[in-house]
Amino acid sequence: MKILVIEDDQQLCQDMRQALTENGHVTECVFNGADGEHAARYSDFDLVILDLMLPDKSGIEVCRSLRAVGVNTPILMLTSRRGLEDKVEGLNSGADDYLCKPFEYKELFARIQALHRRQLGNRSPVITISGITVDTVAHEIKRGNIAVKLTAAEYRILELFITNPNTLLTRSTIEDHIWGAEHDCNSNVVDSHITKLRQKLGWDSQTGPIQTVRGCGYRLNR
């Protein structure tokens, strides 16, 4: 998942980025409400982790503003306040879940997975395409009955394709979603990863479902 963290405690933000990255997520951090609101509105994220107390505007204000303009990205609100009224206010502002500081990362990861399952709704988390089965919750891939081991980046690329079937994805779109806008990718990093992904999945570059759109990017045909 691509996660936006809006948190003014820069050390906590960096710690969260490291933990989330190690857990297989792409994470971007911003340190105030205005920048966070802009990023959540105009960039593509799967989840926003939003601190309640920010220096310029509260997490409540950011959350309400995002919902008012139609941003439906799941929001997990963080706060050191433990009162019931604070939790109710956060949830009523449009947040999907509420986590009190300090927290254990195991609980954070569990809540992220729960929000992901909720976002899937009635859709099955297991997707099958061209002989490959992908469990998007367990992050398990099988080719027939054989488990396929992918790197974190390869898995995120595959997940991006299967959640956006029949859609042209430019190289810059893939780079931004997989490595984040702050990452400096070299010119052929996407091509290299997709070549390796095709090889591991047994998908031919000409006849397999991931098709190269010359001069533009890639598309997963279903």
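1. Start with Arg 111: its relative accessibility is 22%, so it counts as partly exposed. Keep in mind that this is a predicted model. Arg 111 has a salt bridge to Asp 97, where the closest N and O atoms sit 2.9 Å apart. Asp 97 belongs to strand β5 and Arg 111 to helix α5 (residues 105-120), so the pair ties together parts 14 residues apart in sequence. Asp 97 comes out at 14% relative accessibility, so it counts as buried, given that the cut-off for buried is under 20%.

2. Arg 111 also meets the side chain of Glu 107 in a salt bridge, again with 2.9 Å from N to O. This one stays inside helix α5: Arg 111 and Glu 107 are four residues apart, about one turn of the helix. Glu 107 has 35% relative accessibility and counts as partly exposed.

3. What about Asp 96? Its side chain forms a salt bridge with that of Arg 67, at 2.8 Å from N to O. The link joins distant parts of the chain, 29 residues apart: Asp 96 is in the loop between α4 (84-92) and β5 (97-100), while Arg 67 is in helix α3 (residues 59-68). Both ends are partly exposed, with a relative accessible area of 26% for Asp 96 and 22% for Arg 67.

4. Next, the helix packing. How do α6 and α8 cross? The axes of α6 (residues 152-162) and α8 (residues 189-201) come within 10 Å, and the crossing angle is roughly 85°. That makes α6 roughly perpendicular to α8, because angles of 65 to 115 degrees are put in that class. On the α6 side the contact uses Ala 153, Glu 154, Ile 157, Leu 158 and Phe 161, and on the α8 side His 193, Ile 194, Lys 196, Leu 197, Lys 200 and Leu 201. By type, the residues of this contact are seven nonpolar, one polar and three charged.

5. Then there's the open sheet, made of four strands in the order β6-β7-β8-β9 with antiparallel pairing. Its edges are β6 (126-129) and β9 (146-147), each pairing on one side only. Between β6 and β7 (residues 132-135) there are four bridges; in one of these strands, β7, Thr 133 is the bridge partner of Thr 128. Helix α6 packs on this sheet too, touching β6, β7 and β8 (140-143), and its direction makes about 100° with that of β7.

6. Last, some backbone spots to look at. Most residues other than glycine have a negative phi, and most peptide bonds are trans. The bond from Lys 101 to Pro 102 is cis, with omega near -10°, and Pro 102 lies in the loop between β5 and α5. Ser 130 is in the loop between β6 and β7 and is partly exposed, with a relative accessible area of 49%. Asn 166 has a positive phi as well, near 60°. Asn 166 lies in the loop between α6 and β10 (169-170), and its relative accessible area of 46% makes it partly exposed.

Definitions and conventions:
Residues numbered from 1 in each chain as written. Predicted model: local features only at pLDDT ≥ 70, side-chain atom pairs only at ≥ 80, totals over all residues. Heavy atoms only, no water. Axes fitted to C-alpha atoms, helices over the stretch in contact; angles between N-to-C directions. Helix = DSSP H or I, 4+ residues; strand = E, 2+ residues; numbered from the N terminus. Parallel < 35°, antiparallel > 145°, perpendicular 65-115°, else oblique. Contact = heavy atoms within 4.5 Å. Nonpolar A, V, L, I, M, F, W, Y, C, P; charged D, E, K, R; others polar. Salt bridge = Lys/Arg side-chain N within 4 Å of Asp/Glu carboxyl O. Buried < 20%, exposed > 50% of the residue type's maximum accessible area, 1.4 Å probe, protein only. Pairing = 2+ DSSP bridges.
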